[in-house]
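The following paragraphs guide a new reader through the structure shown below. Please keep the sequence and the model in view while reading.

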Amino acid sequence: MLEVIAIDHIVLRTTKLDEMIEFYTKVLSCTIERETPKKTGLTQLRAGNALIDLVVVNSRLGTIGGGAPTKTERNVDHFCLQIKSMPEQEIINYLEKNGIEVGEFASRYGAQGLGNSIYIQDPEGNGVELRCRI
């Protein structure tokens, strides 16, 4: 059985990066932790022990989520849950046993640094990243 420890990060897609950064840093006192705007279109903001990832819609990462956020297009790309460390194959077996389609684990950067994660979808099609800390 999986054990969720915390929310690691959320990913928001945007066409208003400067305004989003201003809102989250000035209004909500988040700090910029990491930026890869030319490579991926990503700006990561520290929000306590978690991250808020801002992804520019027309960037390499942003185009994966479809069109720009509107009333009918997604704004939240996915959210990431930290789970208690366990062997990756056990996680895959558990998910598959529960009828969940899984991909492959990969090393990704999150609120606690690098960690291996896998993407799945909930019954409504929301993206959920499950992450174990390295």
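In which loop is Ser29 found? Ser29 sits in the loop between helix 1 (17-27) and strand 2; here helices (H or I, at least four residues) and strands (E, at least two) are DSSP runs, numbered from the N terminus. The model is a predicted one, in which local features need pLDDT of at least 70 and side-chain atom pairs count only at pLDDT 80 or more, while totals for chains, interfaces and linings use all residues. Residues are numbered from 1 along each chain as its sequence is written, and side-chain values use heavy atoms, with hydrogens and water left out. Although Ser29 is not a glycine, it has a positive phi of about 60°. Ser29 is exposed, with a relative accessible area of 57%; by definition, buried means under 20% relative accessible area, exposed over 50%, and partly exposed in between (1.4 Å probe, protein chains only).

Strand 2 (31-36) runs antiparallel to strand 3, and five bridges join them; two strands count as paired if DSSP finds at least two bridges between them. Within this pair, Thr36 stands opposite Leu42 in strand 3. The two strands form a hairpin with five residues between them, and Gly41 in the turn has a positive phi of about 85°. Strand 3 (42-47) also pairs with strand 4 in the antiparallel sense, over six bridges, and Gln44 stands opposite Asp53 in strand 4. The hairpin of strand 3 and strand 4 has two residues between the strands, and Gly48 there takes a positive phi near 65°. Five of the six residues of strand 3 are buried, so strand 3 is largely enclosed by the rest of the structure.

Another pairing involves strand 1 (4-14) and strand 5 (76-83), which are antiparallel and share seven bridges. Val4 stands opposite Ile83 in strand 5. Strand 5 is mostly covered, with six of its eight residues buried.

In soluble globular proteins, nonpolar side chains tend to be buried together. A nonpolar core is a set of buried Ala, Val, Leu, Ile, Met, Phe, Trp, Tyr and Cys residues joined through side-chain atoms within 4.5 Å. The largest such core has 12 residues, among them Leu2, Leu81, Ile83, Ile91 and Phe105. Strand 5, helix 2 (88-97), strand 7 (113-121) and strand 8 (127-133) each supply at least two residues of this core. Apart from it lies another core, of eight residues, including Met20, Leu45, Ile52 and Leu54. Ile91 lies in helix 2 and is buried, with a relative accessible area of 0%. Leaving aside neighbours within four places in sequence, Ile91 is in contact (heavy atoms within 4.5 Å) with Leu2, Ile83, Met86, Phe105 and Cys132.

Of the 26 residues that line the largest pocket, the closest to its centre are Leu61, Asp77, His78, Arg108 and Tyr119. On a 1 Å grid over the protein atoms alone, a pocket is an open set of points where a 1.4 Å probe fits, with protein on both sides within 12 Å along at least five of seven lines, and lining residues have an atom within 4 Å of a point. Strand 1, strand 5 and strand 6 (106-110) are among the strands that each supply at least two residues of the lining.
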